[in-house]
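Visitor: I'm new to reading structures, and I'd like to learn how to look at the spaces inside one. Could you walk me through it?

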Amino acid sequence: MALLITKKCINCDMCEPECPNQAISMGDAIYQIDTDRCTECVGHYETPTCQKVCPIPSTIISDPAHIENEEQLWDKFVLLHHADKL
Ligand code: SF4
Ligand code: SF4
């Protein structure tokens, strides 16, 4: 499942450069996550790195509107990074 940045975000800029999929960008008021690019860091890290670097607890949460299993997240990783080899 993709992750979601909630209104608790203080726009500290910590997460955006850390995302291995360039899924995080500035939205209208706070940072946002592109659900088509977020793999929960599958393929790169053991745990979501944006959650790790975010200084405000519970700001980045699982997005209940975008539930995906491990296989779907790996498919997304392959499409994002290795589409030329498919
Ligand atoms: S979980 Fe990983 S891929 Fe998803 S937005 Fe956070 S850093 Fe990017
Ligand atoms: S690290 Fe957390 S508080 Fe900082 S911009 Fe990202 S979501 Fe917002």
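Visitor: Where does ligand 1 sit?

Guide: This is a predicted model, so keep that in mind as we go. The general idea comes first: rolling a probe the size of a water molecule over the atoms shows where empty space is left. In this model, ligand 1 sits in the second largest cavity. That cavity holds about 80 Å³ of space.

Visitor: Which residues lie closest to the centre of the second largest cavity?

Guide: Look for Cys 19, Ala 23, Cys 38, Cys 41 and Cys 50, which are the closest to its centre out of 13 lining residues. Sorted by class, the lining of the second largest cavity has 8 nonpolar, 3 polar and 2 charged residues.

Visitor: And which residues are closest to ligand 1 itself?

Guide: Start from the ligand this time. Ligand 1 has 13 residues around it, with Cys 19, Asn 21, Cys 38, Cys 41 and Cys 50 the closest. The shell around ligand 1 splits into 9 nonpolar, 3 polar and 1 charged.

Visitor: How many cavities of 30 Å³ or more does a search of the whole structure find?

Guide: The search turns up 2. The largest cavity contains about 90 Å³ of space, and ligand 2 is what takes up that space.

Visitor: What lines the largest cavity?

Guide: There are 14 lining residues, and Cys 9, Cys 12, Cys 15, Cys 54 and Thr 59 lie nearest the centre. By class, 11 of the lining residues are nonpolar, 2 are polar and 1 is charged. Now switch to the ligand's point of view: ligand 2 is surrounded by 13 residues, the closest being Cys 9, Ile 10, Cys 12, Cys 15 and Cys 54. The shell of ligand 2 comes to 10 nonpolar, 2 polar and 1 charged.

Visitor: Let's move on to charges. How many salt bridges does a search of the whole structure find?

Guide: Here's the idea: side chains of opposite charge can pair when their charged atoms come close. Searching the whole structure gives 1 salt bridge. Glu 68 pairs with Lys 76 there, and their closest N and O atoms are 3.0 Å apart.

Visitor: Is Lys 76 buried or exposed?

Guide: Lys 76 has a relative accessible area of 10%, so it counts as buried, as buried means under 20%.

Methods: Residues numbered from 1 in each chain as written. Chains lettered and ligands numbered in written order. Predicted model: local features only at pLDDT ≥ 70, side-chain atom pairs only at ≥ 80, totals over all residues. Heavy atoms only, no water. 1 Å grid on protein atoms, 1.4 Å probe; cavity = no way out; pocket = protein on both sides within 12 Å on 5 of 7 lines; lining within 4 Å. Points joined across faces, edges and corners; volume = space filled by probe spheres on them. Nonpolar A, V, L, I, M, F, W, Y, C, P; charged D, E, K, R; others polar. Salt bridge = Lys/Arg side-chain N within 4 Å of Asp/Glu carboxyl O. Buried < 20%, exposed > 50% of the residue type's maximum accessible area, 1.4 Å probe, protein only. Near = heavy atom within 4 Å. Sits in = over half its atoms within 2 Å of the grid points.
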